[in-house]
Each structure stands twice: as structure tokens, then as C-alpha cells.
Amino acid sequence: MAHTLKEARAALTMIQAEPFNAEAPPEALVGDVTPTRLHYVRSNFPLPPHDGSLEVGGAVENGRTLRLDDLHAMPSAERVVTLECAGNGRLGQYPLPVGEPWGSYAISTARWKGVFLHEVLEQARPTAGAVDVKFEGADHGTYYQFQDITFVRSLALAHAADPAAEILIAYEMNGAPLSPDHGAPFRLIVPRWYGVASVKWLKRIDVSTEPHVGEFQTGHYIYEWADRPYEPVALIRVRARITDPLPGATIAAGTHTVRGKAWSGTGPVTHVHVCFTGEGDWHATELEHPKGPYQWQEWSFDWKVTTAGRYSLRARATDAAGNVQPDVPPWNRLGYGNNAIEVSCVDVR
Ligand SMILES: Nc1nc2c(c(=O)[nH]1)N[C@H]1C(S)=C(S)[C@@H](COP(=O)(O)O)O[C@H]1N2
Ligand SMILES: [Mo]
């Protein structure tokens, strides 16, 4: 397995060796779906062993233990979902906060297959008074001041049990069983939310009558400011990326089709504008209709450039909720949710 693990990781840009954390390469953003070997990986703890069982319990009338066969026997669903780490773009924050020094590529899109969480919860029958659902991974370890804690996240029962939320317990990614780094044998996929909600190596689903207060949503993965109460990170903020030309490229004068992706958890994205001088010359791009509710959209713009020189390219997305990217990273102590407009320099000769 060591060999295949090494192969599975070879195309990624490593941020940390152990636990393994790695960004996607720029090619990851070219198509609609990111090939699995190019999908970013974010793990807080070493790869855990998993015994293949998933306990569903707590404040439910019908607790049970599910195995892969049980999940396979249920109706399946497939969704294409863009995942972004809430720490993506942390390097763009100044002063640099603690945490993984992510550049801009902790973002990818995959086709996930599994069963709907709401169906599993319906079968479990939460008791009256249940308000929260904890999702526990098999992974654990040292974390800041903690000797040994397990990766646990919760969602409000109203969200977890909502058929419209389309939360998956996924067992396949891009047509193959989940790989070790992406949460084998099964994981949560929470569309529209920063990746942290999508608990990998899912071991236990625990319905509760009290909201969960855990390190991964009250100590980290929170927007923390000096002057107001913190908020847990939740929906992915609106963002656009230029994928062609890549930063630092040299292109010939003439007409160049500038391309990119745009995404938002409060989406869909309704406009992407591009700017070539940094002086407010914003041009509307051609934006494709979303191919699905949870995946990035493609946009393009035919840029006619006749004068040689260095240009600074910017792309700015706006979504249906009216959210638009800010010029500078919205600072918070732990450096989450940087969706500032990116600038890339391109030489025209
Ligand atoms: N059990 C467990 N699940 C986890 C994590 C983790 O450390 N442990 N990391 C989360 C974070 S922060 C992100 S961004 C996504 C990344 O999913 P990926 O590695 O498949 O890209 O997994 C989430 N699920
Ligand atoms: Mo993340």
C-alpha cells in the first residue's frame, strides 16, 4: 500500500508530509471534474485504520451499525461537488496566521457517489428533542494543546436531515472506491460548505439533544476577530480564479481567450468580471450556466491586447446572493475564508 499511496500523492504539491497535506496542481482546475490524483488533500491527523463499520446512534429510536454492503444496498445518488479548504489562501493574509500555509490550490471538484444522509437519519428516527448530529472520524492525534483528540464535527439536525441539503455519505469518488487520503471507506460530503464539514473516515454518527461544542468548530475553523464574537466557518465564499494564462506566463499579442473558474457556496455565480490594468476597467465575461448546483462554473473572455508589456490580470466573481469578492483578504486571526480578488502578472510580447 505504501507504494500506491506514494503514487496517489505524486502529482500534488506537498504542504506537509505527515499528516499528509497537499495542494492541487493548476491542471486540477482545467476540466469540470478534478481527477482524483490531482484533488487536494487536507488531513489533520495521520491516516487512520478503519474497521469498515459506521455506528448510527445517540438520541435515536433505531440505532444500528452499517457496513459498506448496507450502504450499497440503499438507493444511491451522485453529485459533483466543489470542495475548498477554509484555510485556502491563508498565505495571502498578512500578518500570516498560524495553521497550514496554504497557497491558492486547496480547491478541487469531484463526482461523489453514496447514499443521502437524510435517508440514514430517517431510518434511525431521531427522538423528540434531538437538535444536533455529530460526525466522528476514525482519525485522532495531537492537536495544539490537546494530547489526543478525534476529528469530530457536527451539523444542526435541521440541516443534516434536510433532503434539500443533499448531504452524502459517499463511498465512491470519480467512479472508484474512496482512496485512503480521501476518507476510505466512506465520508460525509456537505455541498456548499467549506471542506471541513465533510468528515472523512466516518466512524460514528451521533444524534444529540445538545449542540456539540468541539475543538474543530469552536477552537479552530472559526472566524475569530478582536471586536466581535467568533463565527464557525460554514458556506464557501464566492471566488474566481484565472486558469489561463497562468501567473507569470508570456503570451503573444493578439486575441487571447482568458479562462477561469468561479464558485460560491452562496451561489450560483452570476457574474465574473476581469480587469487588465488594475485601474477599474472591469469587463463582463461569458459565464457558463452551472452544470450542477454544487460545482464551479467556467468563464471566458476574449482579450484583445496589441501593446507589449506586463499586465496585471484580475477576476472578480459575484453570486446570486449579491456577494462579491473583496479587494483585500478579509482578515481574521486564524486566516480562514480568504476570497480576495487574485492578481496575476502576465507578459505580452
Ligand atoms: N476525519 C477527518 N475528516 C476531514 C478532515 C480531517 O482532518 N479528518 N479534514 C477536513 C478538511 S479541513 C477538509 S478541507 C476536507 C478535505 O477533503 P479532501 O482531503 O478529500 O480534499 O476534509 C475534511 N474532513
Ligand atoms: Mo479544510
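## Ground rules

The model is predicted, so local features need pLDDT of at least 70 and side-chain atom pairs count only at pLDDT 80 or more, while totals for chains, interfaces and linings use all residues. Residues are numbered from 1 along each chain as its sequence is written, chains are lettered from A and ligands numbered from 1 in the order in which they are written, and side-chain values use heavy atoms, with hydrogens and water left out.

## Around ligand 1

Let's start with the ligand. Ligand 1 has 20 residues around it, and Tyr40, Asp139, His182, Arg187 and Lys200 come nearest (a residue is near if one of its heavy atoms lies within 4 Å). Sorted by class, that shell has eight nonpolar, seven polar and five charged residues. Here Ala, Val, Leu, Ile, Met, Phe, Trp, Tyr, Cys and Pro count as nonpolar, Asp, Glu, Lys and Arg as charged, and the others, Gly among them, as polar.

Which atoms of Tyr40, Arg42 and Asp139 come up against the ligand? For Tyr40, a backbone N or O atom lies 2.7 Å from an oxygen atom of ligand 1. Arg42 also has a backbone N or O atom by a ligand oxygen, at 3.0 Å. With Asp139, a polar side-chain atom sits 2.6 Å from a nitrogen atom of the ligand. On its own, ligand 1 has 530 Å² of accessible area, and the protein covers 100% of that (areas come from the Shrake-Rupley method with a 1.4 Å probe).

## Two cavities

How many cavities of 30 Å³ or more does the structure hold? There are two. A cavity is a set of points, on a 1 Å grid over the protein atoms alone, where a 1.4 Å probe fits but cannot get out, and lining residues have an atom within 4 Å of a point. Grid points are joined across faces, edges and corners, and a volume is the space filled by probe spheres set on the points.

The largest cavity has about 250 Å³ of space, and this is where ligand 1 sits (more than half of its atoms lie within 2 Å of the grid points). Its lining has 19 residues, with Arg42, Arg187, Gly195, Ser198 and Lys200 nearest the centre. The second largest cavity has about 30 Å³, and its lining includes Arg9, Glu18, Phe20, Ser43 and Asp181.

## The largest pocket

Now for an open space. A pocket is an open set of grid points with protein on both sides within 12 Å along at least five of seven lines. The largest pocket has about 270 Å³ of space. Ser104, Arg241, Ile341, Glu342 and Val343 lie nearest its centre, out of 18 lining residues. Two elements give two or more residues to this lining: strand 15 (239–244) and strand 23 (343–348). Strand 15 gives the most, with three residues. Strands are DSSP runs of E with at least two residues, numbered from the N terminus.

## Backbone details

Look for two cis peptide bonds. One joins Tyr94 and Pro95, with omega about -5°, and Pro95 is in the loop between strand 5 (77–84) and strand 6 (107–116). Another joins Ala184 and Pro185, with omega about 5°; Pro185 is in the loop between strand 10 (176–177) and strand 11 (187–189).

Arg192, which isn't a glycine, has a positive phi, near 75°. You'll find Arg192 in the loop between strand 11 and strand 12 (202–208).

How values were computed. A polar contact is a pair of N or O atoms within 3.5 Å; within protein, one must be able to donate a hydrogen and the other to accept it, and residues adjacent in sequence count only if both atoms are side-chain atoms. Helices (H or I, at least four residues) and strands (E, at least two) are DSSP runs, numbered from the N terminus.
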